[in-house]
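Subject: Structure handover and what turned up in it

Hi there,

Here is the structure I promised to pass on.

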There are 4 protein chains.
Amino acid sequence: MTVNVGVIGVGLIGQDHIRRLTTVLSGAAVVAVTDVNAEQAASVAAGVKGAPAGGVKVHGTGQELILDPNVDAVVVCSWGPTHEEYVLAAIAANKPVFCEKPLATTQVACERIITAEVELGRKIVQVGYMRRYDPAYQAMKQVITSGEIGAPLMFHSTHRNPSVPGHYTREMAITDTAVHDIDTARWLLDDEIISAQVVKPRKNSLGGDLEDPLFILLTTASGAVVDIETSVNIRYGYDIRGEIVAEQGTVELAETTAVQIRRGNALTSRVPEDWRERFLRAYDIEFQEWVDALAAGQGVVDGAATSWDGYAAAVVSDAAVQALHDGTVVPVALIEQPALYR
Amino acid sequence: MTVNVGVIGVGLIGQDHIRRLTTVLSGAAVVAVTDVNAEQAASVAAGVKGAPAGGVKVHGTGQELILDPNVDAVVVCSWGPTHEEYVLAAIAANKPVFCEKPLATTQVACERIITAEVELGRKIVQVGYMRRYDPAYQAMKQVITSGEIGAPLMFHSTHRNPSVPGHYTREMAITDTAVHDIDTARWLLDDEIISAQVVKPRKNSLGGDLEDPLFILLTTASGAVVDIETSVNIRYGYDIRGEIVAEQGTVELAETTAVQIRRGNALTSRVPEDWRERFLRAYDIEFQEWVDALAAGQGVVDGAATSWDGYAAAVVSDAAVQALHDGTVVPVALIEQPALYR
Amino acid sequence: MTVNVGVIGVGLIGQDHIRRLTTVLSGAAVVAVTDVNAEQAASVAAGVKGAPAGGVKVHGTGQELILDPNVDAVVVCSWGPTHEEYVLAAIAANKPVFCEKPLATTQVACERIITAEVELGRKIVQVGYMRRYDPAYQAMKQVITSGEIGAPLMFHSTHRNPSVPGHYTREMAITDTAVHDIDTARWLLDDEIISAQVVKPRKNSLGGDLEDPLFILLTTASGAVVDIETSVNIRYGYDIRGEIVAEQGTVELAETTAVQIRRGNALTSRVPEDWRERFLRAYDIEFQEWVDALAAGQGVVDGAATSWDGYAAAVVSDAAVQALHDGTVVPVALIEQPALYR
Amino acid sequence: MTVNVGVIGVGLIGQDHIRRLTTVLSGAAVVAVTDVNAEQAASVAAGVKGAPAGGVKVHGTGQELILDPNVDAVVVCSWGPTHEEYVLAAIAANKPVFCEKPLATTQVACERIITAEVELGRKIVQVGYMRRYDPAYQAMKQVITSGEIGAPLMFHSTHRNPSVPGHYTREMAITDTAVHDIDTARWLLDDEIISAQVVKPRKNSLGGDLEDPLFILLTTASGAVVDIETSVNIRYGYDIRGEIVAEQGTVELAETTAVQIRRGNALTSRVPEDWRERFLRAYDIEFQEWVDALAAGQGVVDGAATSWDGYAAAVVSDAAVQALHDGTVVPVALIEQPALYR
C-alpha cells in the first residue's frame, strides 16, 4: 500500500518534501527524481532514505519520470514556468500530481489544466496551499462552519516577513506572499473573490525601494470583504495573523508560542523566524493526508486546493497586480466553474 | 483652588460628568447647570453632591451660565447643534470650555470657533475625545514616541458595538462611532488625514437595513494608511482594538480582562458590555487632568483634543460620509493650521 | 460633607496618602498632620493642596491630633510599634481610623484594640489591606461568590519582588510580604486559617544570605489549602499572581499589561516595576471608598479589613514565622470572634 | 532500514501505538503482536496497515514474540505487573524495548531491570514518559538550559483531569497521574528528588469519597522545591500547566489553544478534553525519535526516560504514597546510580 512518488525538481523545496515523505510520514516512498541540474538530481537521489532495492531512479526529464511505471504519483517542485507541462503530462498519464504553487504562471495555462482534468473526469491535481492543513486555520474553519458566530462578513489577514531577498519585487508581495492569504480567504469563506484593490502605505525604509507594505482589499461574491496586510521587511519575525468577523462574533488565530518567559521587566514569547518554522506541521499534515488519500484510491484530499483553486488564486493575484499598477478597483473574471469542482 | 464648573446640558452624559466632577475627582465643584428642560435642570441641581452653600444655580440659558461670575469653566453636553454658540460664548467670556464631541456640526462652524480662539490668542477649548486618556492608548502612544518600533506605517483600528438604537444611521457609524478612531489615528500618528474611502461589506442581518459593518480607509499626509472597522451589531460585546504597524515592529492594545475563568472546556475572559465600562477610567482621567490644568492656569490639557482637532475630525468625518455616499476616494481639505495649534 | 482627615506619620506613605486625599479623590480634606519629625510635619503641612483657610494644623502628638475637633477621621501611617496607641486613642475618641498595616505589632496589642472596639460597639477601625480594592481581585472574588466555579479548594498565590533592601530579613518575607497574601486568602475564601507551614527552597544567590524564596502553606477551617510563593529577589519585576481552584473550575488574575509589543523576534508585554505601579488604583479606590463610607455615616467600608482581620493576619503571620523557625506545621489559635465582626 | 516492531499487549494503548507506528510515522513496521486475549491479538493483527507479506505474526506469549527473529524491537503495553518479565526478556535478547509506564510495579523489580541492563552494558530500555517530547516542555527545558533565567529554584506543576473512572484510588493520583509530573520535574531540573510530602485539601464533592485534589511537595538534592497539584474531578477539561521559577526569571507553559473566539460577552479558547488531545503530538514525536534512534543503531533516544528514570519515578511515587498515608515528610532513598545512566 506504499505510495511510490516521483519528484520533479529537487531544489530546496523538493529536497524538503523528499525528507518529509521518507523520514517523517507514513506510507510513502520516493522512487524517482529529476531536475534540470542532472548532477543535483543524482546527488539527491543517492541520499534518499528508505530507497527501493535498485535505488532511486534519476530521470532525464519530468515527462519520462511521469511515465515511469514505478511512479504512482508526482510531486512538482520545479521552476514555476514548467509547472503546466508537468501537470498536463500527469493528467495525461492519469497519475495524481501534487503541484507546488503556482499551478501555472498564466490564467490561460491554468485553464488548459482545468480543461484536461475535466476531460479526464476525475480530480487528480492538488496545489500546495498548505495553510489549509495548519491546525489553527483548521480550527478557524471549524468555528465558521459550526455556525456559532454566524455568517462571516470580513476577513482580516496579516502576512509579515522579517525580510525578503534582493530580487523580490512589489508584484511578488501579491503573487508569492498574499496569494496564500487569497487561497485561505476563498477556503475559509467558501466564496469566490470578485474584485481587488491595492492601497499603498508609504514605503518601509528598511525595504529600500520596494513598495512595502501593501494593503490589499478583496470583495467576494456574497459581499464579504477581505483585507490583507503584507509587510515583508518588518524585522521582528514571521507573523501570520487572521480574524474572521461574523454576524455575532469573531474567531482569530491564537499566538503560537509554546512557553512564556518572564525576564528583565517583561513577559515575552517567541515569534517564529520564518515560514518553515510556522508552517512545518501544516506541510507534514498536507503530505500525509495526500499520501493517505492516494492510498485510499482518491486523486486528491477532500478539501484540498484543486486545479480550480489554483486557477482562481492566479486570477485574483493577476487582478491585484493590475490594481497595484493602476490604482483602481479591478474586477475578477473567472470562467464558469466546471461541475467537477463544485 | 477649587475649579467651579458650570454644566450646559444635563442629560445622561451631563449627569455622568457631574457625578464624576463631584464624587470621583479632586479639585472641582459644580456650581451651575442649565438645560433646555428646565425641570430636569432643577432636579439635577438639587442632587449635586458637595454643592456650594447657596446650592447649585440653575440658569435659564447657556449664555447666562457662561456669564455667571461664579463659573470658572464650562462643560458643554447639550445637543450637538447647540455646541457652537456655547463654545463661542465661552471664548468671548475667556472661560475654558470642555465640549463633548462634536465641537460643532459643520466645518464652517468649527472654523468660526477656531477663528475666535485664535483671536483670543489662547487655547481654552478642549474637545471630549477621551481615548487620549485611556491608559492603554497612552501606553501605545508612548511606544510609538519612544521610537523602539520605528516610524508608523499603518494603524488598524476596530470599533465594535453589541447593538445600536433604531435611529442609528449608516452615517452615524462614521460621525458618531468612527470619529473616535479618526481622532485617535491623528493623535497616535501625529499626522493629518488627507483622504477617505469607505468599503461596504454586505450587511449584518442582525442590523436590519443598516449598512453595517463599514470598513473605512484613510491616508495621512506622511503616507500612513489607517483602516477602521465599525461593526455596530456584533452582539458579543463592546470591543475596541488597535494596532500600529511600524517599520520594525508593532504595538497593539492588550486584552482588558481582569481575570480568566476556566470552566466548561473553555478558558474565558469577559468582554466589556459597552463604552461606559471600557472607557470609564479614560473619562475620569480626562476630567481630572482638565481640572488640574485649569487650576494650574492653563486653558487646556497638554496633548488634549483642541478646537483644531475637533475641526479636523469633523472634516475627515464629512469626507468619509461623502465617500460612503459616492463610493469614491474623497480628499480631505483642511484650512491652513493657525500657529496657535502647532 | 467633606471628610476632614488628620494624618499621623508623614513619611513616604503618609505623604502619598495626603497627595491621594487632596489631589486624586473626592470629598476629603487633610486638616491636620503630625510626625515624630516635627520639621517634616511642618514642611508637609505647608505643601498640602486645598488646605483649609487657616492652613493645615501641625500637632505635637498623635493623641492631640486625634482630639482636634476639626479632625473627623484619622489615618495612621507612623512606625508600626506606635499603631496600637493611636488606634486605641481614635476608638476612645470615637473617630474612624484608617491604619496602615500592621494593625499592631503583637497579637496581644491587636486583641486590646478588638476589645476596645467591641466595647465601643461599632466598627471604626479599618486596616490598609489594599488588595481587597484591586479591580482584578474584586473580579476574582465576584466569580467565587457567584458560584459559577463551585466551592474553592485551593488558592495559589505568588508574590514576587525584583529586589529588597539590605535590612530585609527572612521573617519579613512573611510579616511584610506574604501578610498581604494571607489577608487576601482569608478574604477571598471567606474562611479562617488554622495552620501554617513553611518550605524552604535553596536560596536565590542574588539575595545573598537571605532565605529567599519561601513557600508558605496554610490550611483553612473548611479544609482549603493556600500556598504562597514569596520570591523577593527575582529581578524581572513586581509580579502578583493568584489562582483559585474550585470544584468545577478556576479563576486567576489576568496579565495587567496595557499593550503588547512585537519586536526583535518576540511578543512582549511589560511587568510592573514595583507595588506602587501595580496597586496604585487599589489604593485610590480603597481611600475613595473609605471617604465615601465615612461621609455616609459608616465607620468602615463594607468588606474592608477590620480590626479582626488585622488581628487574624497578625496571628497567622506569627504562626508562619514560628513554622519558618521550627520547620513544623504550626496551628493558628485565634480568640473567639466577637459578634461585631461576624 | 525499516525497524520491525513487536507489540506486547494490544489493548487501547497498544492499538494506538500500532496505529501510530504504521500510519503516522516513518521507518517502522509492526510485524508481530501478542496479548493475553488471543482473539483480540488476532483481530488487531489482521487490521495492521502496511503489514509484511506474510501478515503480522500473532505470538502466544511475549517471550516468544521477543525471540521472533523478525522482531527488531519491542513495545510493551501490557498490564503493569507483567512489564518486568518482558523488559528483562528483551534485555536478555538484546533487543531495544519501549515500555509504557510503569517500568515495573515495585522498586525491587525496577532494580532487577537496572542490574540486567548494566550487565548488558548498553541502554536499550526506554520508558514511556511522553512529556519529554512535548514541544512546550521541550521549549521550557531549552530556556532553562540556556541559562537566560538563571538556576531553577521551584517548579509549580498542575495536573488536572475532568473526571476519573470509578476504580481510581487516591494512590493513583500519585502513581498514575502525578508520576508524569515527577518524571518531568526530574528531567527539567536535571536533579534527583530526595523527599516527598502530601497536603490534602478537603475533598472535591464531585469526586465522591476520593481524596481529590492532592498537593504534593517534593524537594530535590540541590534544594529545589516542586509542588504538584492533582485535581482529577475538575470537570472543566484536561489542563496541564507548569512554571519554573529561577533566580532571575521564570518560564511557563503557554496556553495551547489554536484560535480565540469572541461570542456572548466573552473571549474564549478551548481547553483540551483529555490527555490524548493534549499529548497526541508528544506521543508521535516520542515514537518517531525512538524509531529513528533504533535505525541509527542506538538503544534509546538521547534524553529519553531510561530504566533509571523509570526506577526513580517509582521510588519517588512510593515515597509520596507513604507520605499520603502517614502525613509525614518521607525521604526518598535511591540506590547508587550506575555509571551507565550518568
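Let me start with the contact between chains B and D: 18 residues of chain B are in contact with 18 residues of chain D, where contact means heavy atoms within 4.5 Å. Before going further, please note that this is a predicted model, in which local features need pLDDT of at least 70 and side-chain atom pairs count only at pLDDT 80 or more, while totals for chains, interfaces and linings use all residues. Residues are numbered from 1 along each chain as its sequence is written, chains are lettered from A and ligands numbered from 1 in the order in which they are written, and side-chain values use heavy atoms, with hydrogens and water left out.

**Chains B and D**

About 1400 Å² is buried between chain B and chain D, and carbon and sulfur atoms give 45% of that. Buried area here is the accessible area (1.4 Å probe) that two parts lose on being put together, summed over both. On the chain B side, B:Y236, B:R262 and B:N265 lose the most area to chain D, together 48% of what that side buries.

The rule finds four salt bridges across this interface, a salt bridge being a side-chain nitrogen of Lys or Arg within 4 Å of a carboxyl oxygen of Asp or Glu. One salt bridge between these chains joins B:E255 to D:R262, with the closest N and O atoms 2.7 Å apart. There are also ten residue pairs in polar contact across the interface of chain B and chain D, both residues at pLDDT 80 or more. A polar contact is a pair of N or O atoms within 3.5 Å; within protein, one must be able to donate a hydrogen and the other to accept it, and residues adjacent in sequence count only if both atoms are side-chain atoms.

On the side of chain B that touches chain D, the elements giving two or more residues are β11 (239-246), β13 (259-263) and β14 (266-270) of chain B. Helices (H or I, at least four residues) and strands (E, at least two) are DSSP runs, numbered from the N terminus. β14(B) gives the most to this side, with five residues. By class, the side of chain B that touches chain D divides into five nonpolar, five polar and eight charged residues. For those classes, Ala, Val, Leu, Ile, Met, Phe, Trp, Tyr, Cys and Pro count as nonpolar, Asp, Glu, Lys and Arg as charged, and the others, Gly among them, as polar.

**Chains D and C**

This contact takes 37 residues from chain D and 37 residues from chain C. The area buried between them is about 2800 Å², with 55% from carbon and sulfur atoms. In chain D, the residues that lose the most area to chain C are D:L153, D:R202 and D:E247, together 23% of what that side buries.

Between chain D and chain C the count is eight salt bridges. D:E243 forms a salt bridge with C:R160, the closest N and O atoms being 3.1 Å apart. Polar contacts between chain D and chain C come to 19 residue pairs, both residues at pLDDT 80 or more. β7(D) supplies the largest share of the side of chain D that touches chain C, five residues. That side has 15 nonpolar, eleven polar and eleven charged residues.

**Within the chains**

Over all chains, the structure holds 97 salt bridges. In chain A, A:E211 pairs with A:R170, the closest N and O atoms being 2.9 Å apart. A:E211 lies in the loop between β8 and β9 (214-220) of chain A and A:R170 in the loop between β7 (152-160) and α7 of chain A, so the pair ties together parts that are 41 residues apart in sequence.

Helix α8 (residues 275-295) of chain A has 21 residues and reaches 29 Å from its first C-alpha to its last, close to the 30 Å expected at 1.5 Å a residue (1.5 Å times one less than the number of residues). α8(A) has a kink of about 35° centred on A:R281, where the bend is the angle between axes fitted to the seven residues ending there and the seven starting there. At the N-terminal end, A:D274 caps α8(A), with a side-chain oxygen 3.2 Å from the backbone nitrogen of A:R276.

Two peptide bonds in chain B are worth a look. B:K101 and B:P102 are joined by a cis peptide bond, with omega about 0°, and the bond from B:D212 to B:P213 is cis with omega near 5°.

Best wishes
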